[in-house]
Amino acid sequence: MLRQLLLFPVLAMLLAGCSSNTKVVNHWAASGAASNPDEKLIMVFALAKEEQNRMAMEDTMVKELQNSGFAAITSYSKLGKDYDPRNKQPEDVKLEVGQHANHALILAMIEQENNVEYVEGETIYVPRVSHSGRFAQVYGGMYDVVHQPGYYNKETTYEVISNLYQLKPEPLVWSATTDTVNPESMREAVEGIAHTVAQQMKKDLN
């Protein structure tokens, strides 16, 4: 019994450190934006500092979109690994992307937040049970004391905004913001974001 109680705070810390979750915080679709997904050829842009992260995000997002019934391609496969729309004029980006696709999905991390919360410890008194006769339990005045120490729970949240633009004309037709909490790795975060975004887009635009 005591051993089980002593394990509780340890398990709590492990679960807090390993939990991962991506959820849609908000989403929006323009009126009339829903249509046959076959009409959309989407070029995916992931705005990331590291080239490796950008390519991984684009590859994963394209795979998830295709699994959801959309035609999609990565930007780096058509425009090169060094292409960054932030360094170009909007009209130039529109023309260059338009040679390969009629929609552009841009994913960008808008906030990374780290929170550290201290969870206070507590002391639990467990009565010792003595038996008096069959099926009888008598609680005496002696108690086992179990102290659960406090611990720090670190929570990291990645907030990503995903915007889908139609190139001709050029309105924003769909947008979603996602939060990813405590991913175990960058790969897990990327997969969670891509899957969640693709599923929400499928719901909103099909």
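A contact is counted here where heavy atoms lie within 4.5 Å. The structure described is a predicted model.

The protein chain contains five helices and eight strands. Along the sequence these elements are arranged as α-β-β-α-β-α-α-β-β-β-β-β-α. Of the 206 residues in the protein chain, 38% are buried. Contacts between residues at least 6 apart in sequence were also examined, and 73% of them join residues at least 24 apart.

Isoleucine 106 belongs to strand β4. With residues up to four places away in sequence not counted, isoleucine 106 touches Phe45, Leu47, Ile161, Ser162, Asn163 and Tyr165. The relative accessibility of isoleucine 106 is 25%, so this residue counts as partly exposed, the cut-off for a buried residue being under 20%. Glutamate 58 is 48 residues from isoleucine 106 along the chain, and the C-alpha atoms of the two are separated by 9.7 Å.

The largest pocket has a volume of about 470 Å³. Its lining comprises 18 residues, and those nearest the centre of the pocket are Leu47, Ala48, Lys49, Asn53 and Met109. By class, 13 residues of this lining are nonpolar, two are polar and three are charged. At least two lining residues are supplied by each of β2 (41-47), α2 (51-67), β4 (103-119), β7 (151-166) and α5 (186-205). Leu47, one of the residues nearest the centre of the largest pocket, is also among the residues touched by isoleucine 106.

Strand β8 spans residues 172-181, and nine of its 10 residues are buried, so the strand is largely enclosed by the rest of the structure. Strand β8 pairs with strand β1 (residues 21-29) in the antiparallel sense, over eight bridges. Within this pairing, lysine 23 has aspartate 179 of β8 as its bridge partner.

Alanine 30 lies in the loop between β1 and β2. Apart from residues up to four places away in sequence, alanine 30 touches Leu172 and Val173.

Between lysine 40 and alanine 104, which are 64 residues apart along the chain, the C-alpha separation is 9.5 Å.

The loop between β8 and α5 contains asparagine 182. Asparagine 182 is not a glycine, yet its phi is positive, at about 50 degrees. Most residues other than glycine have a negative phi. The relative accessible area of asparagine 182 is 8%, so this residue is also buried.

Notes:
Residues are numbered from 1 along each chain as its sequence is written. This is a predicted model: local features need pLDDT of at least 70, side-chain atom pairs count only at pLDDT 80 or more; totals for chains, interfaces and linings use all residues. Side-chain values use heavy atoms; hydrogens and water are left out. Helices (H or I, at least four residues) and strands (E, at least two) are DSSP runs, numbered from the N terminus. Buried means under 20% relative accessible area, exposed over 50%, partly exposed in between (1.4 Å probe, protein chains only). On a 1 Å grid over the protein atoms alone, a cavity is a set of points where a 1.4 Å probe fits but cannot get out, and a pocket is an open set with protein on both sides within 12 Å along at least five of seven lines; lining residues have an atom within 4 Å of a point. Grid points are joined across faces, edges and corners, and a volume is the space filled by probe spheres set on the points. Ala, Val, Leu, Ile, Met, Phe, Trp, Tyr, Cys and Pro count as nonpolar, Asp, Glu, Lys and Arg as charged, and the others, Gly among them, as polar. Two strands pair if DSSP finds at least two bridges between them.
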